[in-house]
Structures are given as C-alpha cells and as structure tokens.
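Subject: Structure handover

Hello,

Here is the structure I promised to pass on. Please open it first, then read my notes below.

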Amino acid sequence: MPQSKLFTFFNKALDKLNLIDIPFKIDVPPRQEFGDFATNAAIIAGKKLSRNPFEVAEEIVAAIQKIDSEKIIRELKVVKPGFINIFLTDTYIQQSLLEIHKQDHAWGTGDDYKGRKILLEFVSANPTGPLHVGHGRWAVIGDIIGNLFKAVGYSVTKEFYVNNVGNQIEMLIKSIDAARKGEPTPEGGYGGAYIKEIAENQNIRWSETDEQNTRESVLNTILDQQKTTLSSAGVTFDNWFFESQLHAANKILLTVQRLHDLGKTFEEGGAIWFKSQETGDDKNRVLVREDGRPTYFAADIAYHLDKYERGYDQIINIWGTDHHGYVERLKGAIKALDLPIEKFNVIIGQLVTLYRGNEPVRMSKRTGEMVTLQEVIDETGSDATRFFFAATDVNSHLDFDLELAKKKSNDNPVFYVQYAHARICSILRKALEQDTSHKIQDTNGDVLNELTHPAERSLMLKLLAWPETVKLAAKLRHPHRICEYGKELATEFHHFYEKCRVIGSPARLVLADASRITLRNVLELLGISTPESM
RNA sequence: GGGCCCGUAGCUCAAUGGAUAGAGCAACAGAUUUCUAAUCUGUUGGUUGGAGGUUCGAUCCCUCUCGGGCCCA
C-alpha cells in the first residue's frame with residue numbers, strides 16, 4: 001500500500017546517498033496542497049550529511065523517479081525547509097480498491113512480526129471482590145492491544161494472574177465467615193455488600209472442617225463473577241495463571257535460591273532480603289519472612305521468571321497507576337536474575353472517573369458502594385463501554401460520561417461509526433435488489449477511473465491509510481488511534497455519500513464496499529459489533 | 001519530602017520534533033420530492049498553565065515553576 005511502497009522508494013534513494021536507517025517520516029500533510037503524502041527525509045538526510053537539504057531533496061527526487069516503474073507517483077515537489085511533497089497518480093489510488101476487496105478480512109493486517117511471541121498480562125485483579133471501572137479500562141485496552149499485535153503478525157497470549165494465596169485471601173475468608181455468622185467485620189477485613197452477597201451465595205460449599213475446600217469454593221465464585229463481567233465486555237483470556245501454581249511447583253523458593261546463588265540476597269532478622277538498593281530502590285525488600293512465608297514480591301519475581309522461561313520475545317504488562325511504584329522494583333529483580341530486561345515492558349493505565357452529565361458518580365445507587373464495572377456495562381452496553389475506554393490515551397486520566405455513552409446520536413462516536421457501516425450495508429442491499437446480476441467483486445478495474453471527484457479521492461486516500469494506521473497503533477500501543485481513524489473514515493464516507501450518488505455507478509459501489517470492509521475491520525479490531533442496519 | 005501521569009477552544013479529547021495546532025459536543029446560521037437526517041454544509045471559539053533553554057523548526061525534548069490525580073515515605 002502507498003506508504004509502505006513509498007518507504008521502499010525513499011529507502012532506496014537514501015541508500016544511494018549511503019544513508020540507512022535514518023528516522024524520516026512519510027505522513028499525510030496538514031494541507032491538501034502539500035500533497036497526498038509528505039516526507040522530511042531530505043531535511044534529516046541533509047542534517048546528517050551537513051548538506052543543503054534542497055540539494056539532497058533534488059537528488060532523492062531524481063533517484064525515485066527512476067525507480068517508479070509502476071507510475072505510482074504523479075509528482076514530487078520540494079518545498080520550504082526541504083520537505084518533499086508527494087502526489088500519487090489517480091490510477092494507482094483507484095486500482096488499490098481492488099486490493100482491498102481481495103484482502104477483505106486481512107485488509108490492514110500484516111506479517112512484519114511473524115514468528116514472534118508476546119505475553120500480554122493485564123487486569124490481574126485480586127480475587128477479593130468485583131472488578132471496578134479502572135479494571136474495565138485496562139481490560140479493554142489490553143484486549144485491543146492484543147488484537148493490534150495479532151494484526152501485525154505477533155502470536156499473542158493474553159494472561160490473567162490470580163493472587164490466590166496470602167494474607168488478603170485469609171482475611172477475605174474470615175470476613176465472609178463473619179458475615180454469614182452475623183458477626184462484625186474483623187479488624188482489617190473486608191466489609192460491604194458484596195461480602196454479604198458472597199456469604200449468602202448458596203453455591204459455596206462452606207465447610208468448617210475442610211478449609212482448603214471452602215477457600216477454593218469462595219475464590220472460584222468470585223473469579224467466575226469477574227470472568228462473567230469481562231466476557232460481557234468482550235474480553236477473554238488465553239491463560240489464567242494462579243499464584244498457587246508457583247507455590248505448588250516450589251518455584252518461589254527456587255527463585256529465591258537463584259537470587260541467592262547470584263549473590264543478590266542477604267539474611268537479617270531471620271528473613272531473607274533482596275538487595276534491591278543495588279538496583280536503585282529506596283530500601284531492601286523482604287523475600288521470605290521470618291516465619292518462612294514468601295512475600296508477594298517474591299511470588300511476583302517467580303512469576304516473571306516463569307514468563308521468561310516460557311520463551312516469549314516480549315513480555316508486556318498493563319498495570320494500574322496505583323502500581324507504578326512497583327515497576328522499577330520488579331525490573332531490578334529481573335535484572336538481578338540476569339534476564340534480558342529489554343523484553344519486559346509495563347504499560348501504566350490511568351484511572352477512570354464516572355460522570356452522569358456534569359455530575360461525578362462515586363457510588364452505586366444499588367449498593368451505595370463503588371460502582372462496579374458490571375453495572376457500567378449493564379447500563380451502557382459493551383460497544384459503548386469498549387469504545388469510550390479505548391478512545392483516549394491510556395496515559396491520561398479518563399472521564400467517562402454514562403449519559404453520553406448511552407446517547408444514540410451524533411454526539412456519540414460509537415454510533416457515528418457504526419451508523420456509517422450500517423448505511424453502506426443498506427446501500428449495497430438496495431443496489432443488489434435493483435440489479436441482482438451485478439456483483440461488486442466482478443467489476444472491471446477499468447471503470448474505477450471514473451472516481452475523480454474530490455470526495456471520492458479523499459475517501460480513497462483515507463482507506464489507503466488503514467494498514468499504516470494499524471502498524472503505528474501497534475508499535476506505539478495506542479488503541480485510541482484506531483478509534484480516531486474510525487471517526488475520520490466515517491466522516492469521509494458520509495461526506496462522499498452526500499456528494500456522490502452511489503447506486504447506478506459500479507465504480508462507486510466498489511468504493512462503498514471497500515469502505516464497508518475497512519469500517520468493519522476497524523470495528524472488529526476494537527471488538528465492537530458491526531450492525532448491518534440501525 | 002521523593003517518584004509517576006496529566007494540564008491544548010466553554011466541555012470531552014486528537015496531533016510518532018514538522019508546514020496556518022485539529023475533531024466532536026455546546027452556541028449560532030443553513031441543507032431532506034433523491035441510495036438510512038443516528039447525516040451533511042457554514043460561522044464563532046486558542047498566549048497549547050507560566051518562565052527560560054535546545055534547533056532550520058517545540059503542544060511534544062531539557063531545566064525551573066504553578067495546578068490536578070495516583071503511589072511511596
């Protein structure tokens with residue numbers, strides 16, 4: 001597609017100047033008169049060679065014109081500080097529509113990272129209660145980032161880590177036990193409506209004699225609730241990893257032993273410590289307590305060692321902002337184990353504030369406690385929830401307006417994008433009714449040269465930007481770029497629809513169908529439904 | 001006290017160091033005998049929190065500072 005072809009051209013041209021791997025860009029310029037695409041290649045190259053960027057630009061242009069045997073480029077213009085503005089031929093743009101039809105569901109996907117494996121861990125909420133809205137955001141972001149990675153060729157494993165061992169679990173069990181006996185919440189325990197709900201849940205086999213059995217029963221109940229909530233937002237996992245697996249396989253103590261063998265631990269006060277100060281931490285951290293119980297930190301190190309041992313090319317975690325302080329500590333431990341730290345990345349997700357119109361919503365009407373993710377999904381639906389969670393940069397705090405998410409109008413970008421898809425489907429249905437013999441996929445490529453209206457050209461260029469949009473979003477791990485693209489493409493289509501009558505023109509039917517394919521792929525990547533009528 | 005994130009139009013947000021900072025909503029003015037008006041067209045709206053610095057060029061990078069969120073102490 002255009003950008004990748006153009007990259008090939010410019011790389012070849014730069015190669016002649018003995019420049020490789022310089023960080024130039026080819027993108028859509030801010031104004032139409034600057035071309036269909038534009039690049040700063042000559043400016044960057046000129047700087048590197050300490051030469052006049054204009055001269056360099058002229059050399060690049062000359063070199064490219066020799067390579068362009070397919071006549072993709074109509075004109076290359078060198079302007080102001082040394083930009084090269086690129087104008088594509090109409091024929092190339094028009095014929096690209098056939099490629100979209102050919103690729104269909106694969107349109108926008110690639111295999112740049114084929115054969116590479118990524119482990120993506122996210123949500124990993126404690127099994128002590130319902131998921132909150134922040135979890136929902138990180139779940140959706142994680143799910144879509146997984147889709148993005150798959151789209152560029154990675155093999156992706158989505159994993160949820162369950163802390164099903166330790167103090168907080170014991171406290172949870174005690175709290176529920178107290179609730180079912182009508183006793184007050186124990187010191188430092190969990191209170192609230194959901195504890196009461198669990199205590200009253202008839203499915204839990206409560207046994208005074210078999211603590212292990214009771215514990216499992218309670219945890220499974222809570223975990224099932226979390227799974228139900230996640231799947232109602234369309235989020236699924238390939239793997240549920242339990243902390244207890246690490247204990248059962250003795251992996252935590254083996255990890256501590258390994259750190260000890262590497263000289264990264266010491267003993268003090270009966271406890272085993274990790275020399276985390278050596279890795280830049282404020283203080284050293286306990287791995288194994290005086291009484292022999294390992295800390296959460298030790299379990300986390302063992303868990304990440306296990307991830308490395310499973311042989312991934314990249315290990316990516318999505319954590320809430322409340323865990324950011326933990327990142328460097330864990331990285332320190334990974335380095336101490338002599339594991340390649342560059343494989344490990346943590347994406348920090350900021351929190352969500354719920355609004356109802358202008359009023360912040362802190363408490364659930366139903367329970368009087370923190371609003372759960374399930375309540376939000378039940379109220380606004382999976383499509384809107386996913387879109388709004390994905391639509392802003394995960395680095396920024398998110399304001400989520402429940403009223404806006406429910407609106408079925410122009411204010412609501414989810415419906416705007418879905419409507420464009422439904423509208424195209426409706427047109428194509430009608431076209432088929434009027435001429436049952438016409439098949440879009442059999443349209444002769446020659447008729448596409450009719451597509452010369454500015455609205456048609458603009459729409460085609462937007463379609464052609466799709467694969468590069470996916471690549472960039474995957475590289476930067478930015479789901480919101482897909483939402484942005486969806487809105488822009490919907491706008492382009494509506495504009496085209498307003499200006500150009502589709503039915504009766506085989507060429508425009510091809511263009512409408514290519515738009516349908518692209519919009520559908522956008523929505524599917526986001527995990528949002530693709531209605532054929534609304 | 002230390003760390004991380006954020007600050008862009010009245011509101012919610014975009015803008016991989018690029019050209020005159022863009023959308024949607026809100027406000028105002030229009031478009032439907034025609035393929036879905038859940039749509040489209042136009043107008044108004046900005047010292048990118050503030051001050052320095054780096055460079056051909058800074059919303060973006062660096063330093064300081066103010067404000068908000070989160071974590072640690």
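A word on terms before the notes. Two strands pair if DSSP finds at least two bridges between them. Helices (H or I, at least four residues) and strands (E, at least two) are DSSP runs, numbered from the N terminus.

This is a predicted model, in which local features need pLDDT of at least 70, side-chain atom pairs count only at pLDDT 80 or more, and totals for chains, interfaces and linings use all residues. Residues are numbered from 1 along each chain as its sequence is written, while chains are lettered from A and ligands numbered from 1 in the order in which they are written.

The antiparallel sheet

Start with the open sheet of 3 strands, ordered S8-S9-S10. Its pairing is antiparallel. Strand S8 (265-268) and strand S10 (285-288) are the edge strands, and each pairs on one side only. Neighbouring strands here are turned by 45° against each other on average, direction ignored. (Axes are lines fitted to C-alpha atoms, for helices over the stretch in contact, and angles run from 0 to 180 degrees between N-to-C directions.) S8 pairs with strand S9 (residues 271-274) over 4 bridges, in the antiparallel sense. Within that pair, Glu-268 stands opposite Ala-271 in S9.

The parallel sheet

Next comes an open sheet of 5 strands. The order is S7-S6-S5-S11-S12, and the pairing is parallel. Strand S7 (239-242) and S12 stand at the edges with a single partner strand each, so one side of each has no neighbour in the sheet. On average, neighbouring strands of this sheet are turned by 25° against each other, direction ignored.

Here are its pairs:
- Strand S6 (residues 155-162) runs parallel to S7, joined by 4 bridges. Phe-160 stands opposite Trp-240 in S7.
- Strand S5 (residues 117-121) runs parallel to S11, also with 4 bridges. The bridge partner of Ile-118 in S11 is Gln-314.
- Strand S11 (residues 314-320) runs parallel to strand S12 (residues 344-349), with 6 bridges. Ile-315 stands opposite Phe-344 in S12. Ile-316 has Asn-345 of S12 as its bridge partner.

S11, helix H12 (residues 324-336) and S12 also make a right-handed β-α-β unit. (A crossover is right-handed if, with the strands pointing away from the viewer, the path from the first strand over the helix to the second runs clockwise.)

Around strand S13

Strand S13 (residues 352-356) is joined to strand S15 (residues 398-401) by 4 bridges, and the two run parallel. Tyr-355 has Asp-401 of S15 as its bridge partner. S13 also pairs with strand S14 (residues 359-361), antiparallel, over 3 bridges. There, the bridge partner of Arg-356 is Glu-359 in S14. The hairpin of S13 and S14 has 2 residues between the strands, and Gly-357 takes a positive phi near 65°.

Helix packing

Two packed helices are described by the angle between their axes and the distance between the axes.

Helix H16 (residues 413-434) packs on helix H19 (residues 479-499) at about 45°, with the axes 9 Å apart. That makes H16 oblique to H19. (Angles under 35 degrees count as roughly parallel, over 145 as roughly antiparallel, 65 to 115 as roughly perpendicular and the rest as oblique.) The contact includes Pro-413 and Tyr-416 of H16, and Phe-493 and Tyr-497 of H19. (Two residues are in contact if their C-beta atoms, placed from the backbone, lie within 7 Å.) By class, this contact of H16 with H19 has 8 nonpolar, 2 polar and 2 charged residues. (Ala, Val, Leu, Ile, Met, Phe, Trp, Tyr, Cys and Pro count as nonpolar, Asp, Glu, Lys and Arg as charged, and the others, Gly among them, as polar.)

Helix H6 (residues 167-180) meets helix H7 (residues 193-200) at about 70°, with the axes 8 Å apart. H6 is therefore roughly perpendicular to H7. Among the contact residues are Ile-176 of H6 and Ile-195 of H7.

The axes of helix H5 (residues 133-151) and helix H14 (residues 382-390) come within 9 Å and cross at roughly 85°. That makes H5 roughly perpendicular to H14. The contact of H5 with H14 divides into 5 nonpolar, 2 polar and 2 charged residues.

Best wishes
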